[in-house]
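Here's a quick tour of the fold for anyone about to set up calculations on it. Have the viewer open and follow along.

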Amino acid sequence: MATPLSADRFLAALRAEGVKVAERSGWRTHNRNSKGAWGPVNGIVIHHTAGTNSLNLCWSGTADLPGPLCHTHLAKTGVATMLSAGRANHAGTFAANAFNSMLNESSTHPRPDAAEPVDANARTYGIEIENLGNGSDPYPAAQYDQAVRWAAALCRAHGWTAHSVIGHKEGTRRKIDPSFDMDAFRDAVAARLAHDAGWSPGTNTSSGDSAATKTGDDDMPDYVNLGVAEPYELRPGGWDSIEFTREWSDTAGDHATNGSVWARGPARFTGTVSLHIEELPVGEVVQARMSEYEGDRFVQDHPIHEVIGTAGGTFAVIPLTKRIASGRGMRVRLRNYSDQPVTVSSAVLTVLSWKES
Ligand SMILES: [Zn+2]
């Protein structure tokens, strides 16, 4: 669940991801907000226009379905034109099972139920990709790449995985768009999210905004410095990822807003996470370990470190040194082995990382 991006943040996210953005005059205030809610947002819906020269139609809509009909219109040429930063008439209603699989970033997207209780216009971003949608009209590579970048930019801005992206046909039985395979599309979005925003497929180096903040020296490490904005309770039992809600530095661009992933492969990194735990009884144990994920799927754990309760608050420094493979994200997880809740009053992660090709 997330607050919708402002028009400025929307634009900045797209440009950082390499989307060739055009702005239709008046787009910032062109919306359907007077007709219903806009936000909280939970996902991204991909459409095809089923027509050509559809920019004006997507802006104005029809008597029955007033515009804007999407947030962004993507022409065959690959130009992405901003039409709205608010509620748009693109998705209509969604089935609950389809909506929830998107919201929960499930790795499966079930056939939508017939009942459609969800106001998806309030809860999703939408792009209309110019295409006849007849299965034989091709999507030029440049256009498809722009669509992937558009979706990845929004995922990155919100800290979502590629499973927050669904096709219109996956949200409702009423629709068949888009006419391409959504699993392949999500794979392409996930590949982008494993790299910096400025990445281009088939290259090892980055270009664009995120790389521009670096020095240009390939041997310079990225500096990642994260923490938790508020103390939080860690209950006994179960492994729990630290959500890093404070970001002082992330030149690698690997840490998504409020996310628990702080390094993405391929990379090598070294550093520490310093913990301050309160209410841990003397001699009782909290364990800490690094855990690798592929998107939201757990892959493997790395050796455990024990934090043993001491009088007057417990402090520990956990080493974080590892190589992480392409497509993987690293988290720190904690497990409370005492029989009472403890408070993690601070968790400061300080890491240097080197991207590998
Ligand atoms: Zn559609």
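Let's start with Trp150 in this predicted model: leaving out residues up to four places away in sequence, Trp150 touches Leu14, Val19, Thr72, Leu74, Ala80 and Ile127.

**Cores**
- Trp150 is also among the residues with the most contacts inside the largest nonpolar core, along with Ala151, Ala153, Cys155 and Val189.
- That core counts 49 residues, and α5 is its top contributor with nine of them.
- At least two residues each come from α1 (7–16), β2 (43–48), β4, α3 (96–103), β7 (124–129), α5 (141–158), β8 and α7 (182–193).
- There's a second, separate core too: 31 residues, including Val261, Ala267, Leu320 and Ala347.
- As a rule, nonpolar side chains in soluble globular proteins tend to be buried together.

**Sheet**
- Six strands make an open, mixed sheet, ordered β1-β4-β3-β7-β2-β8.
- Ignoring direction, neighbouring strands are turned by 25 degrees against each other on average.
- Strands β3 (residues 72–74) and β4 (residues 80–82) run antiparallel and are joined by three bridges.

**Domains**
- The chain splits into domain 1 (7–193) and domain 2 (216–355), with C-alpha centres 34 Å apart.
- Where they meet, nine residues of domain 1 contact seven of domain 2.
- On the domain 1 side of that contact, you'll find two nonpolar, five polar and two charged residues.

Terms used:
Residues numbered from 1 in each chain as written. Predicted model: local features only at pLDDT ≥ 70, side-chain atom pairs only at ≥ 80, totals over all residues. Domains from an automatic or database assignment. Contact = placed C-beta atoms within 7 Å. Nonpolar A, V, L, I, M, F, W, Y, C, P; charged D, E, K, R; others polar. Pairing = 2+ DSSP bridges. Helix = DSSP H or I, 4+ residues; strand = E, 2+ residues; numbered from the N terminus. Axes fitted to C-alpha atoms, helices over the stretch in contact; angles between N-to-C directions. Core = buried A, V, L, I, M, F, W, Y, C linked by C-beta atoms within 7 Å. Buried ≥ 20, exposed ≤ 12 C-beta atoms within 10 Å, placed from the backbone.
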